[in-house]
Amino acid sequence: MNQVSALFKKEIMESVRNFKLFVLLAVFIIIGIISPLTALLMPDIMAMVMEDAGISFDLPAVTGMDSYVQFFGNMNQLGLPILVVVTGSILTNEFTRNTLVNFLTKGLKRHNVIIVKFLYTALMWTFVYVLSAVTAYLYTMYYWDNQLENIWGAFALTWLYGVFLISVIMLASAIFRTSFLGVLFTLLGVVIIMILSIHPAAAEYLPQSLITSNVELLTGESGLSNVLPAVLITVVASVLILLLSIMTFNKATI
């Protein structure tokens, strides 16, 4: 337990010292603010563009749904990639700088390294994501004051997908050790494989479906029971990948 608490303190100090926590905070709060703001201003922007082009078209009224569509789009295209880039080196930096050698030779258990780094990264992701989601939610309620069905379930799907990516980061880091690019390419490969291998019969079971089902939940096209298989598979896959990370790191030569 002393080892775990000491490692947690080390992770907190490093994330503050290298500004990773502040970068994530800034990015995710911005996403939470600009998503509803973009939805609010988009009709005016489109109206000006169409006026300059001499096009006459009646734009539909903007609703809270448009705000959440913007939020999940920004999260998938900007938030999750930033999370990967910022946290992807959490273990490879230790190998590159040989900072783990002294700790391991003094009795630090290897599995504690993986567990603490995974938990801390997951907690950091949870913290910044919840702030972003709550910010987007409050601004959306302020501008439109309409409550959509399954909104918190839709938020939770993206959060769980982020945890899945963190587990993959741990495994890739244990395999490639000093190669940050190896970690990034592994994550990219996992995502591409899931996208390319999606068959209509299997799509609803893959982790990738979590970040494509948010809007369907909000519109009522899909229910929580429909995404439950993907949720369960993602949870099991994340646990298995984390266990594999521990096994790989235990056998690694430091």
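This is a predicted model: local features need pLDDT of at least 70, side-chain atom pairs count only at pLDDT 80 or more; totals for chains, interfaces and linings use all residues.
A residue counts as buried here when its relative accessible area is under 20%, as exposed when over 50%, and as partly exposed in between (1.4 Å probe, protein chains only). Numbering starts from 1 along each chain as its sequence is written, and side-chain values use heavy atoms, with hydrogens and water left out.

**The chain as a whole**
- You'll find 10 helices and 0 strands in the chain, taken as DSSP runs numbered from the N terminus (helices: H or I, at least four residues; strands: E, at least two).
- Of its 254 residues, 43% are buried.

**Helix α10**
- This helix covers residues 224-251, and its 28 residues should span 40 Å at 1.5 Å a residue, which agrees with end C-alpha atoms 40 Å apart (the expected span is 1.5 Å times one less than the number of residues).
- There's a bend of about 25° at Ala230, meaning the angle between axes fitted to the seven residues ending there and the seven starting there.

**Asn74**
- Asn74 sits in helix α3 (residues 64-87), and counts as buried because its relative accessibility is 18%.
- Leaving out residues up to four places away in sequence, Asn74 touches Ile31, Ile34, Ser35 and Gly79 (contact: heavy atoms within 4.5 Å).
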